[in-house]
Amino acid sequence: MSRRLRRLWAVARRQWRRSLQFRVVGITLSLSAALVLAFSYTVASLISNSVLEGKLDQSKLMIDSGSSYAMRELAGFTQPDDPGLPPSVKNVVTQLYGSINNQRAEVVMLRRSGPLAASWPPTRDKDVMNNPQVSGLRSLVVGSKGGTYQQIATLNIGDGTQKYLVMGTPVAVGSVPIELYYVIPLDNEDELVRFTGAVVTGTGIALVALLALIAAMMTRLVVTPVRVAARTAQRLSAGLLDQRMVVRGEDDLARLAAAFNQMAANLQRQIVRLEEMSRLQRRFTSDVSHELRTPLTTVRMAADLLFASRDEFDPASARSAELLQAELDRFEGLLTDLLEISRFDAGFAALDAEPTDLVPVVRRVTDQLQSLAERCKVELKVVVPEGDVIAEVDPRRVERVLRNLVGNAVEHGEGKPVVVTLAADSSAVAVTVRDHGVGLKPGEEKLVFNRFWRADPSRARQTGGTGLGLSISLEDARLHGGWLEAWGAAGKGAQFRLTLPARSGDRLVSSPLRLVPDDARADEAALIGETP
């Protein structure tokens, strides 16, 4: 049972968080139930008090009249042992009972000392006035010299237990101390109060249900267009730019729908315009790249010929041939990168994954860049596991990524060592490239992967990069389903981490290597006085 209650509670909480209509109806139901409960209690109390006060006033008049009648009938008796007193008292009780329009009532006359004087009907309980619930009332009557006293008590008389109104008053009959009591059932009043309570409760429940229904209907009128707008917005975000809301009427919701449709139309026009511009840009990049291939090939042939014959030229011409060769290399690299970017933009890039040992790949990249490292006076360190590190990757793309990362680290290393680390676990392989150069400012770890972005555009470069290397590397990593991330701090260097799934098509959840290097973590811990 508790499990079912917890499940229902969880469902109610979820609906409370997700459904505006459920919240509005729930709040309306709670507030209206509290209001109706207070109103019903007030009405029932007023009706009960009114019925009881009416019964008390009627009974008081009746006992006052009975007391006067008893005093007149018994006025001639002055002695308590008068033999005519008991028959007269019995006659008085019988007459008083006849004046009560309730057969279940009882009239009792008692002496203040001695046996019972008289009671009618005679078949009822003769010890009713000795009941502990009304003993206090009799004490008040006995100790008084006049006045009427009443008490509501639950007594077992006749057929069963129910509420009675017991009223008592002393009767002055010469020297004879006599008490007169009326025991009047309140069954009709109780039934009226219960019926009134049932009517008020039923009316309150019906009113609460009606208010909840009205709240649900009114909320639905408002929530339905909002839900339609939410579904339409979801379809728009999914690329269905032709989705629109139906406009009905001229009220606020209709104006909302019209404004939403206008926004969607403007958004569609802007997206179509941007897509067209992007398509034209990709087309332009691709066409220019391809068109420049032919003249570049011709110029390359001529430049190679001049470069091969530069020893026969005068020094100025030889230097010009060398500069021409270097700039042509840079120009050819730029065209190659532009072609690669155009393939990614057009969605034509394909992954040719195969099981590859990454240890030789890492060593081959560092060997290729050793000459650059020597020119920059940077020491290249390689940390790889013992044995093979096999992963299903495209070796050409991975080698290009590592070449870009290591080349950038050497150029920005400021003559300090660059460490390339390879690690693997059961689900992923990772390579980090750590340099201790100028580093990155806060926020630049995201910008470094933007096209043509450079931290210091005026900085002299050894290889004359195009600004597209890290962008292409990021696309290569995504094509593998992997991550390419950067960390850096000003003056403390930077670290780039490439993480690839060990099996092609698997989803990455973690990396074998940390993005923040251990030495940087130690420095941060030292600053705040903690153990790294």
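## Val 228 and helix 5

Val 228 sits in helix 5. This is a predicted model.

Ala 257 comes 29 residues away from Val 228 in sequence. In space, the C-alpha atoms of Val 228 and Ala 257 are 9.4 Å apart.

## The second largest pocket

Helix 5 returns in the second largest pocket. This pocket holds about 250 Å³ of space. Its lining has 13 residues, and the closest to the pocket centre are Thr 224, Pro 225, Val 246, Arg 248 and Leu 253.

Which elements give two or more residues to this lining? They are helix 5 and helix 6, the latter spanning 252–308. Helix 5 supplies the largest share, with 5 residues. By class, the lining of the second largest pocket splits into 9 nonpolar, 1 polar and 3 charged residues.

Are Lys 55 and Glu 189 buried or exposed? Both are buried. Each therefore has a relative accessible area under 20%, the cut-off for that class.

## Other salt bridges

How many salt bridges does the model contain? The count is 12. One of them joins Asp 506 to Arg 503, and here the N to O distance is 2.9 Å. Asp 506 is partly exposed, at 30% relative accessibility. Arg 503 is partly exposed as well, at 41%.

Another salt bridge pairs Arg 514 with Asp 518. Their closest N and O atoms are 3.7 Å apart. Asp 518 counts as exposed, because its relative accessibility is 57% and the exposed class begins over 50%. Some salt bridges share partners: Asp 394, Arg 397, Arg 400 and Asp 476 are joined in this way into one network.

## The cavity

The model has 1 cavity of 30 Å³ or more. The volume of the largest cavity is about 30 Å³.

Which residues line the largest cavity? The lining is made of Leu 358, Val 398, Val 429, Ala 430, Val 431, Leu 498 and Leu 500. By class, that gives 7 nonpolar residues, with no polar and no charged ones.

Strand 10 (428–435) and strand 12 (493–501) each provide at least two of the lining residues. Strand 10 gives the most, with 3 residues.

## Where to look

Start at helix 5, which holds Val 228. Follow helix 5 to the second largest pocket, where it gives the largest share of the lining.

Key: Residues are numbered from 1 along each chain as its sequence is written. This is a predicted model: local features need pLDDT of at least 70, side-chain atom pairs count only at pLDDT 80 or more; totals for chains, interfaces and linings use all residues. Side-chain values use heavy atoms; hydrogens and water are left out. A salt bridge is a side-chain nitrogen of Lys or Arg within 4 Å of a carboxyl oxygen of Asp or Glu. Buried means under 20% relative accessible area, exposed over 50%, partly exposed in between (1.4 Å probe, protein chains only). On a 1 Å grid over the protein atoms alone, a cavity is a set of points where a 1.4 Å probe fits but cannot get out, and a pocket is an open set with protein on both sides within 12 Å along at least five of seven lines; lining residues have an atom within 4 Å of a point. Grid points are joined across faces, edges and corners, and a volume is the space filled by probe spheres set on the points. Helices (H or I, at least four residues) and strands (E, at least two) are DSSP runs, numbered from the N terminus. Ala, Val, Leu, Ile, Met, Phe, Trp, Tyr, Cys and Pro count as nonpolar, Asp, Glu, Lys and Arg as charged, and the others, Gly among them, as polar.
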